[in-house]
Amino acid sequence: MKVSRDQITGTVILLLGLFVFVMISTYSVPFRSTYPGPKALPGLAAVGFVICGAGIFLEGCKKKEEKVFLVKEGWIKLTVNIGAIALYILAMQYLGFFIATPVYLYFLSSWYAKGYATKPVHRIVFSAGVTAVIFLAYQMAFGYQLPTGIFG
Amino acid sequence: MTENAAFIITQITNPLNLLLLLAGNVIGIVFGAIPGLNGTMAVMLFMPLTYGMETGPAIIFLLSLWIGGCSGGFIGSVLLGIPGSPSSVATCFDGHPMAKKGQAGRALAIGMTASFIGTFFSAVVGAILAQTVANIAFAIGPWEYFGLCFMAITMVLAISKGNMLKGLSSACLGLLLASVGYSPIDAQARFTFDNMYLMGGLGMTVVLIGIFGVSMMILAHAKGFDPLPTVDNSMIKGIGIKLSDIRENIVNISRSFLIGLGIGFLPGMGSGLSNLVAYSAAKNNSKHPETFGTGNPEGIWASESSNNASIGGAMIPMAALGIPGDSCTALLIGALTIHGLEMGPMVFKNSGDIVYLMFVVVAICAAVCFVLQAVGMRIFPQILKVPYHYMYPALIVVSLISAYVNSSSLYKCGMMLFFAVVGCIMAYGGLPQSPLILAFILGPTMESNMLKAFQNTETVATFFTRPISCVFNVIAICCVFSPVLKALYARFFRKENKQIAHEELKLNGNK
């Protein structure tokens, strides 16, 4: 049996609701009808999650056909994008903004440009230009300190 | 307002502020014009840049981004047939057919004139009405505030057609994210996992840019970019609009303006809805409804004057009550809080100069956008040709740097990545975005007012015994249960209709 997207979404939302219920049960301030306390807002969200999760799951059971969210190549691209951002954050931590940013921008613009006619020199100019504009706007104009890494 | 005139004049004549206003309008128009981006995203991305500014320049910059974004939406609708933002969906219906007929210049001119009329006059009406609404708001207590917030969140759900459960899930996610950190009044640590970065709650920039900005860009790449649009400059020949065009459409413009103003005023609704309602109203009242959708200028007048009128409409509850009219005003409320401005009835007493500055800036932005669009009409096709492989990497980096400068911590960048993954999961599940934004921004206000209300009366009954609070809460509950109510209504009337038909048949048979 093929599991529909709504069934997966419904299950995730339902489980999130149960998780929230478990978490709020540990709070020291009790929920009373005269004063609901800190459990009220997350409790309301949890009730909503459980009801909606179950509803979305049941609706998903009725669905026979649905549009494909992403093809296999799309999932790979999504995962690599997330990994690349994680690496960029780590690179900023250790190498700093000035090394990490142009390298990341060059990699991303080259990868995103697949199928388009672009020249490496354009991408180099773009990467250096954006890095410079961010530096000028954030650090020079508004005084924010950008990550310096271990060389800072 | 007159006592604040000196402050307002000082602010708007400051060269740096004028430069910020111009830059904000240009950036906003670009964001509004490019399909997939919008004014709300421009405000989100550039908001951290304003944290280091004085309140006046920060407000000028943020508002000019917003107005530019709202005004620029029609460019993509006319030239590509793809709305630049949800507020310009109805503009596509007639704007693009006009462009195809070689009347792109006229369609763009109508769009920019209608945008100007909508924004400018709604700001004037807003400035006049906001103080009155604020005076009324003095009479309302935490029960009514809770009801207003509750209603604002649920009204968005009511318009998530066929998607009620998903809309509600999105709102619940917003409430859950809003509850991270120490709770109001009781100071109970919630979902902090002993992590010092979570103690103060989740930052608006990190959550919203992560969920809506970064996730949108990486998903766009994963799904494959659409081919770059091809728009011929020769499509734009002259302006082709006269004063008589405005005179002929004055009823349509006035009606659409009022629709936009009214929908903008309603908490949680905004230009995304008003343009469609105004378009339908224009079509229903037109002498030639059959020409709508084939390039009738009346459609553009209606859509663009209404979506821009929603700006002033949304600013009234934002300033007077602290309740956002749409997702962008929700962001602005958050940004103003960071600048120490608590929106609500007291703001007129404490910072009346800033509030009136906001309305004046909106009116000026309307004029600046009009001039920029008139001058740059031939540049519009170039805006739409910015390659995705340059635009998206730059925006991803700016998003991450926004998270970093917010706290000078790369941990926030990691959190933004986490929320980008949450955004992807939401897109996978088809959860809408607006309920999350409103619930996340309004959650803390809703909770603190609810707790204050209980501290005062210790019973839930008061929420329904106070008339205004009762109205808000009943509307909110009806919005939540609207699909059930609609189904019951349909079933009941279907049954009744069947019975009538059956009895008629019987009668006819007897005859």
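**Labels and their cut-offs**

Modeller: In chain B, the axes of helix 6 (residues 104-137) and helix 12 (residues 250-265) come within 10 Å and cross at roughly 55°. This is a predicted model: local features need pLDDT of at least 70, side-chain atom pairs count only at pLDDT 80 or more, and totals for chains, interfaces and linings use all residues. Residues are numbered from 1 along each chain as its sequence is written, with chains lettered from A and ligands numbered from 1 in the order in which they are written.

Colleague: What makes helix 6 of chain B and helix 12 of chain B oblique to each other?

Modeller: Their axes cross at roughly 55°. Under 35 degrees counts as roughly parallel, over 145 as roughly antiparallel, 65 to 115 as roughly perpendicular, and the rest as oblique. Therefore helix 6 of chain B and helix 12 of chain B are oblique. Axes are lines fitted to C-alpha atoms, for helices over the stretch in contact, and angles run from 0 to 180 degrees between N-to-C directions. Helices are DSSP runs (H or I, at least four residues), numbered from the N terminus.

Colleague: Which residues of helix 6 of chain B and helix 12 of chain B make the contact?

Modeller: Helix 6 of chain B uses B:A114, B:I117, B:G118, B:F121, B:S122 and B:V125, and helix 12 of chain B uses B:I253, B:F257, B:G260 and B:L261. Contact means C-beta atoms, placed from the backbone, within 7 Å. By class, this contact has seven nonpolar, three polar and no charged residues. Ala, Val, Leu, Ile, Met, Phe, Trp, Tyr, Cys and Pro count as nonpolar, Asp, Glu, Lys and Arg as charged, and the others, Gly among them, as polar.

Colleague: How do you know how helix 3 of chain B runs against helix 4 of chain B?

Modeller: The axes of helix 3 (residues 39-50) and helix 4 (residues 55-79) of chain B come within 8 Å and cross at roughly 165°. That makes helix 3 of chain B roughly antiparallel to helix 4 of chain B. Their contact has 10 nonpolar, five polar and no charged residues.

Colleague: How many residues of chain B are in contact with chain A?

Modeller: 50 residues of chain B are in contact with 55 residues of chain A. Helix 18 of chain B gives the largest share of chain B's side, 12 residues. That side divides into 31 nonpolar, 13 polar and six charged residues.

Note on methods. Helices (H or I, at least four residues) and strands (E, at least two) are DSSP runs, numbered from the N terminus. Two residues are in contact if their C-beta atoms, placed from the backbone, lie within 7 Å.
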